[in-house]
Amino acid sequence: MENTITVNGELFDIYLTEEQIASRVRQMAEVLNAEYEGKEPVFVGVLNGSFIFFADLIRHITIDCEVDFIKLSSYGAEKISSGKVSILKDLNCEVHERHIVVVEDIVDSGLSIDFLRKLILRENPASLSFVTLLMKKEVAKIDFPVQHVGFDIPAEFVIGYGLDYAQKLRNLRAIYRQRPEAKG
Ligand code: PRP
């Protein structure tokens with residue numbers, strides 16, 4: 001695995017290795033297996049970013065469950081949020097009286113999960129919780145708990161393992177963070 005990669009002349013250093021990610025994902029699934037035993041939860045992947053995390057997590061889920069996906073408006077080629085969220089692909093599952101577990105790759109500003117929370121609570125689920133592999137705690141503006149966080153990370157730009165750089169590099173097996181530009 002490369003320790004440093006260059007994208008459009010910008011340097012990215014390895015931040016979380018495949019092994020670190022795999023081990024944390026397994027732990028998170030074990031907690032979910034215990035918490036949702038007998039509840040037949042619906043795991044909802046938020047496209048596109050969560051697809052790799054979702055696929056890895058769900059293969060460690062051993063209880064009865066369903067899966068569904070939702071796609072929100074994307075940041076596009078930008079690295080920061082436009083501040084607006086809309087639905088590009090809605091849920092297909094029945095939310096009413098079901099246990100819903102939303103699976104995100106990253107909580108950044110918190111806009112996406114805040115939007116999802118309001119959307120899903122309108123349908124009166126039996127319960128709603130959030131799982132995210134990465135959380136930018138310092139910048140996330142949310143006034144509700146995110147129950148399952150893989151890694152708290154600083155407010156830096158990260159790519160790989162589902163997370164994109166202008167839609168590319170989602171296929172990197174590890175997570176890389178952008179190296180701050182040298183001063184002077
Ligand atoms: C990313 C990520 C989260 C969201 C988090 O999605 O997958 O869904 O941003 O950011 P927030 O907390 O500031 O809302 P993005 O809109 O980039 O689309 P993608 O999943 O297709 O990459």
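Okay, quick definition to start: two strands pair if DSSP finds at least two bridges between them. Helices (H or I, at least four residues) and strands (E, at least two) are DSSP runs, numbered from the N terminus.

A word on what we're looking at. This is a predicted model, where local features need pLDDT of at least 70 and side-chain atom pairs count only at pLDDT 80 or more, while totals for chains, interfaces and linings use all residues. Residues are numbered from 1 along each chain as its sequence is written, and side-chain values use heavy atoms, with hydrogens and water left out.

So, strand 7, residues 127-135. Of its 9 residues, 8 are buried, meaning under 20% relative accessible area (1.4 Å probe, protein chains only). Who are its partners? One is strand 6, residues 99-107, which runs parallel to strand 7 and is joined to it by 8 bridges. Valine 101, for instance, has serine 129 in strand 7 as its bridge partner. To get from strand 6 to strand 7, the chain goes through helix 3, residues 111-121, in a right-handed β-α-β crossover; that's clockwise from the first strand over the helix to the second, with the strands pointing away from the viewer. Strand 8, residues 148-152, also pairs with strand 7, parallel again, over 4 bridges. There, threonine 132 has valine 149 in strand 8 as its bridge partner.

Now, over to the lining of the second largest pocket. Which helix gives the largest share? Helix 1, with 5 residues. Helix 1 (18-35) and helix 2 (51-58) each supply at least two.

Definitions and conventions: Buried means under 20% relative accessible area, exposed over 50%, partly exposed in between (1.4 Å probe, protein chains only).
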